[in-house]
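Please open the model in your viewer and display it as a cartoon.

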Amino acid sequence: MHCPFCRNADTRVVDSRVSDDGLSIRRRRQCPECGRRFSTTETASLNVIKRNGVLEPFSRDKVVSGVRKACQGRPVTDTDLAMLAQKVEEAIRATGASQVDANDIGLSILPPLRELDEVAYLRFASVYQGFESLDDFEEAITLLRVENEQERERPHTHEPESAHQTTGEPS
Ligand SMILES: [Zn+2]
């Protein structure tokens, strides 16, 4: 890595720190030539292939703004949305892919959104999956009911995370 001040070709790492979310590494470097210090951030690249074929870096903010509308009037906080976006990013990165279809991001949003709020989930799914009729809603709701039922009957095999799934809808 070149020194950004004197362009010296050799710099050394004086400190490395993993970011709070564990997704990047920040390094402090020092140039032995001019003695100045600078920081670099190392992140595994993750790009989104948009429908028009253009690549753009994955953005949690875009996930949040994509979901926010579906959450209008629902008991979902900004923190919930931020955590959802983080889960989406982690799920995508866990596949090891460095590129992801914009469409697949929608798919990765569905499970954590469902855990967060079922109404928001249905709204988002209706747009994302292009629901056209009441039948589509009915089908999705039936599926939700069946899966919720199965989850209730199943002994607790999965992480405590799903234990705080929203239970009571305000009536
Ligand atoms: Zn230098």
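**The whole chain**

The secondary structure of the chain comprises five helices and six strands, where helices (H or I, at least four residues) and strands (E, at least two) are DSSP runs numbered from the N terminus. This is a predicted model, in which local features need pLDDT of at least 70 and side-chain atom pairs count only at pLDDT 80 or more, while totals for chains, interfaces and linings use all residues. Residues are numbered from 1 along each chain as its sequence is written, and side-chain values use heavy atoms, with hydrogens and water left out.

Along the principal axes, the C-alpha atoms fill a box of roughly 70 × 40 × 30 Å. The radius of gyration of the chain is 22 Å, whereas a compact globule of 171 residues would have one near 16 Å; the value is taken over C-alpha atoms, and the globule rule is 2.2 Å times the number of residues to the power 0.38.

**The two domains**

Select residues 12–43 for domain 1 and 47–131 for domain 2; these bounds come from an automatic or database domain assignment. Their C-alpha centres lie 31 Å apart.

**Helices α2 and α3**

Next, select helix α2 (residues 78–94) together with α3: the two pack at an angle of about 135°, with their axes 9 Å apart. Axes are lines fitted to C-alpha atoms, for helices over the stretch in contact, and angles run from 0 to 180 degrees between N-to-C directions. The angle makes α2 oblique to α3; under 35 degrees counts as roughly parallel, over 145 as roughly antiparallel, 65 to 115 as roughly perpendicular and the rest as oblique.

Show the side chains of the contact (heavy atoms within 4.5 Å). From α2 come Asp 80, Leu 84, Lys 87, Val 88 and Ile 92, and from α3 come Ile 105, Ser 108, Ile 109, Pro 112, Leu 113, Glu 115 and Leu 116.

**Helices α3 and α4**

Move on to α3 (residues 102–116) and α4 (residues 118–128), whose axes come within 8 Å and cross at roughly 160°. The pair is therefore roughly antiparallel. Among the contact residues are Leu 107, Leu 110 and Arg 114 of α3, and Ala 120, Phe 124 and Tyr 128 of α4.

**Helices α4 and α5**

How do the axes of α4 and α5 cross? They come within 11 Å and cross at roughly 140°, so α4 and α5 are oblique to each other. In this contact, Glu 118, Tyr 121, Leu 122 and Ser 126 of α4 meet Phe 137, Ala 140, Ile 141, Leu 144 and Asn 148 of α5.
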